[in-house]
Amino acid sequence: MNSKVKRIINILYSITGTYNPFIIAELLNIDVHYKNLGGHPLGHCSKILKETVIVLDSSLVDSPIRFFICAHELCHAIKHSDIASYYSLNELSKGKLEYEADIFAFELIKLLFSIELTEESITDEMANDYGINFIN
Ligand SMILES: [Zn+2]
């Protein structure tokens with residue numbers, strides 16, 4: 001695991017006692033809402049009057065993919081806190097932040113499903129889509 005990402009996940013776990021991005025967000029006072037985003041994007045993160053808010057597409061309510069999307073947005077909320085300036089970044093810098101958020105989400109969700117939510121069903125297709133390998 002990427003050591004920087006590992007460190008952040010360990011810190012979050014020591015503070016919150018969970019790998020569940022929804023619970024972590026709640027404990028960090030980050031509101032998570034569902035809204036109809038029309039399926040694209042599936043989630044976004046914004047800062048409104050110093051309050052960080054994660055919005056997930058309403059199509060995710062019953063989908064296990066919501067954990068991954070929430071974790072990805074959580075990474076933006078925690079690490080890329082100056083989100084307002086995100087939109088002025090060039091594509092290369094954006095790509096780097098997106099990559100970082102994906103790596104964070106892969107690792108967090110891998111731990112979540114392998115340790116905490118073993119009864120949640122996750123399809124092979126989903127695992128492939130998100131690059132999550134549950135065998136390890
Ligand atoms: Zn992102």
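This is a predicted model: local features need pLDDT of at least 70, side-chain atom pairs count only at pLDDT 80 or more; totals for chains, interfaces and linings use all residues.

Reading from the N terminus, the order goes α-α-β-β-β-α-α-α.

Let's begin with H1. Just after H1 comes Gly17, with a positive phi of about 70 degrees.

Next, the strands. They make an open sheet of three, in the order E1-E3-E2, with mixed pairing. Which strands stand at the edges? Those are E1, residues 31-35, and E2, residues 43-48; each has a single partner strand, so one side of each has no neighbour in the sheet. From one strand to the next, the twist averages 30 degrees. E2 and E3 run antiparallel to each other, paired over six bridges. If you want one to find on screen, look for His44, whose bridge partner in E3 is Val55.

Now for the inside. Nonpolar side chains in soluble globular proteins tend to be buried together. In our chain, 29% of the 136 residues count as buried. The largest nonpolar core has 27 residues, and the ones touching the most other members are Ile54, Cys70, Ala71, Leu74, Ala105, Leu108 and Ile109. Which elements give two or more residues to this core? They're helices H1, H2, H3 and H4, plus strand E3. H3 gives the most, with nine residues.

Take Ala71 as an example. Leaving out residues up to four places away in sequence, Ala71 touches Pro21, Phe104, Ala105, Leu108 and Ile109.

And one more residue, Phe68, which is found in helix H3. Is Phe68 buried or exposed? The cut-off for buried is 20 or more other C-beta atoms within 10 Å. Phe68 has 27 such neighbours, so it counts as buried. The C-alpha atoms of Phe68 and Lys110 are separated by 9.4 Å, although these two residues sit 42 residues apart along the chain.

Last thing, on contacts across the chain. Of those with a separation of 6 or more, 57% join residues 24 or more positions apart. That's my tour, thanks!

How values were computed
Residues are numbered from 1 along each chain as its sequence is written. A nonpolar core is a set of buried Ala, Val, Leu, Ile, Met, Phe, Trp, Tyr and Cys residues joined through C-beta atoms within 7 Å. A residue is buried if 20 or more other C-beta atoms lie within 10 Å of its own, exposed if 12 or fewer, and partly exposed in between; C-beta atoms are placed from the backbone. Helices (H or I, at least four residues) and strands (E, at least two) are DSSP runs, numbered from the N terminus. Two residues are in contact if their C-beta atoms, placed from the backbone, lie within 7 Å. Two strands pair if DSSP finds at least two bridges between them. Axes are lines fitted to C-alpha atoms, for helices over the stretch in contact, and angles run from 0 to 180 degrees between N-to-C directions.
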